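Subject: Structure handover: salt bridges and strand pairing

Hello,

Please find the structure below, followed by notes on what was found in it. The notes cover strand pairing and salt bridges.

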Amino acid sequence: GEALTLYNLAHAERESGNLTTASQLMEATLRLVESLRLRITSERHRISYLANKENYYELDIDLKMQLGKAGNDGNYVAAALESFEKSRARVLLDALSEVGLERGDLNQRSNPELAKLLADRQELLGQLRAKLQARTKSLSAAQITPPTTVFDTEIGRLTDQLDQMDEKIRVSNPRLATLTKAQPSSIAEIQQQLDDDTLLLEYSLGDKRSYVWVVSPHSIKGFELAGREKIETVAHRVATSLTERNRELKDEPWARRQLRLRIAAGEYETAAAELGRMVIDPVASLLGRKRLVVVADGALQTVPFSALPLPSVTAIIDENDNSAKANAASIGSHTLVARHEIISLPSASVLALQRRELANRKPAPYAVAVIADPVFDVEDTRVAKAKGVSGRDRKEVAGESGETGSQEKPAQSAPATALAANSALASALRDVGLTEGNLPRLTSSRGEALAITRSAAPRRSFSALDFQANRETATSPELSKYRIIHFATHGILDLEHPELSGIVLSRVDKKGQILDGYVRLHDIYNLNLPAELIVLSACQTGVGKRVKGEGLIALTRGFMYAGARSVVASFWKVDDTATSALMAEFYRQMFVHQLKPAAALRQAQLKISQQKRWESPYYWAGFFLQGDWK
């Protein structure tokens, strides 16, 4: 209540023009917010608490930036950025600070109470997994209204119990119980993460005004932008027009679809140019040819900055730089990827913490593990082939019960009315192209896997294809032996329950029996994957539910928690064939040309965009790298 009162007083002082007094009140407000936050042990409660206080940080940022503008004082600009960092990805920062302690320092044998709690936690996870699997099966049943309400209630109950269990685990261990939550980095610490070839761009969207900070190792500059509504409206236009070809209209003639896509392409060029003027043009003179590390905010998190147009061709391209001119010309409309490596971060503080935690980690001995081309359906020809049955008998195999015994029959296609039910998972399945309950085979992912292993050093790679591309392989400790882990499969985006998002692997074994093929976000959090890079060559793996202050809760966050130094993920449902070609080039650039992942991804995107059929950013801009570019 005291914090709320101080915030309201600060707001009133700002409206009266008393910026200094208002700023002092906000500093007192945020001291209270931060002190209360430290007492909250539940992760979900910390998320909701800070989400409700985002407007506090927004006001503090605005006051500091306006004071800096009025007095031409760079100290206020730096203080505003530090305040923004306090509002960003704090729960992720806490989790990353705790994970090393949990994995490396907890001695269960000397703490029987802790050992029992950890065992109980595993049992709860098993119950939760069983309920999720049962819920999925109910959606596939041939019923008008799948009985998911009961499952959702049980899932919510188990999730609450898991949350309480995590709290007990922290309390039972003295080191975790007394652990001070990780603090956001200072400006000096942030600048230490940068080199002379790298700029950090941090965006903060506010109701009245938004801001972008440009940080180099030696300077920090702040710029005022339009308000949140104006920027997000255009950002949504960019994202929607880029993914228009993923929208399928029933009984739409081919000619009409082509017209719709041409209109969308024109809308993209218009909207991207407008968004570029809003968020790139103000900082254009500082960009040069440098690597851009972007901490986006709001709807900007769903936009590929690589596909935004260069602010000025003459200002950006050196007339003596023939390679730059050739690259720019090859993409048609001049986009940022023609000139810059672009990396995404949830916050600059997360990068600083990651580098501290992983500084002494030894690289894994082997190069790359690839999991691709899973078997999603019992009617897949590979099932019949595994059973030694001819193609014309395949349907009989799909329906037989002799070998499966008491196992359930394969899930049948669900009617459209069932999939349209008010279910988060049904919606997520539709988002990745699921029709009538079936996931299409990703045939190009097989070639993608073979191209990757060919690029890697001999005997330094591993590939799990077909039935082997399953949950057991994905959660195996053996994966920790590889520096790069590549998943080429479908991604599931659950917008209502982001913690239930995941990737889909083989759902059928060689005997045609149904398997749990989902590796969900809560499964990923419990993995130990000390990889330098994890590549999610799947649909919409980089997006998720947007929570105020925390950014996007998505699979990228789960894999960072599991130990990944960086993650390549996607913004939207990507084209299978173009993705296969992009990934083959990406790995060729890493293994053959010895480029770092961010540089390799940029070169692969440039290469793909040069091909006429894939010149649209839809085909190449969907993938981005999040995490440490070094």
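Two strands count as paired if DSSP finds at least two bridges between them. Helices (H or I, at least four residues) and strands (E, at least two) are DSSP runs, numbered from the N terminus.

This is a predicted model, in which local features need pLDDT of at least 70 and side-chain atom pairs count only at pLDDT 80 or more, while totals for chains, interfaces and linings use all residues. Residues are numbered from 1 along each chain as its sequence is written, and side-chain values use heavy atoms, with hydrogens and water left out.

Strand E16 covers residues 623–627. Strand E15 (residues 566–570) runs antiparallel to E16, and five bridges join the two. Within E16, Phe624 stands opposite Ala569. Strand E5 (residues 342–344) is parallel to E16 and joined to it by two bridges; here Ser344 has Gln626 of E16 as its bridge partner. E16 is mostly covered, with five of its five residues buried. Buried means under 20% relative accessible area, exposed over 50%, and partly exposed in between (1.4 Å probe, protein chains only).

Salt bridges

A salt bridge here is a side-chain nitrogen of Lys or Arg within 4 Å of a carboxyl oxygen of Asp or Glu. The search of the whole structure returned 33 of them.

- Asp628 and Arg355: the closest N and O atoms are 2.8 Å apart. Asp628 lies in the segment after E16 and Arg355 in helix H16 (residues 348–358), so this pair ties together parts that are 273 residues apart in sequence. Both Asp628 and Arg355 are buried.

- Glu15 and Lys208: the N to O distance is 3.3 Å. Because Glu15 sits in helix H1 (residues 2–15) and Lys208 in the loop between strand E1 (198–204) and strand E2 (210–215), the bridge links parts that are 193 residues apart in sequence. Glu15 is partly exposed at 46% relative accessibility, whereas Lys208 is exposed, with a relative accessible area of 51%.

- Arg382 and Asp380: the closest N and O atoms are 2.8 Å apart. Arg382 is buried at 10% relative accessible area, and Asp380 is buried at 11%. Arg382 and Asp380 also belong to a network of salt bridges that links them with Asp373, Arg441, Arg446 and Asp466.

Regards
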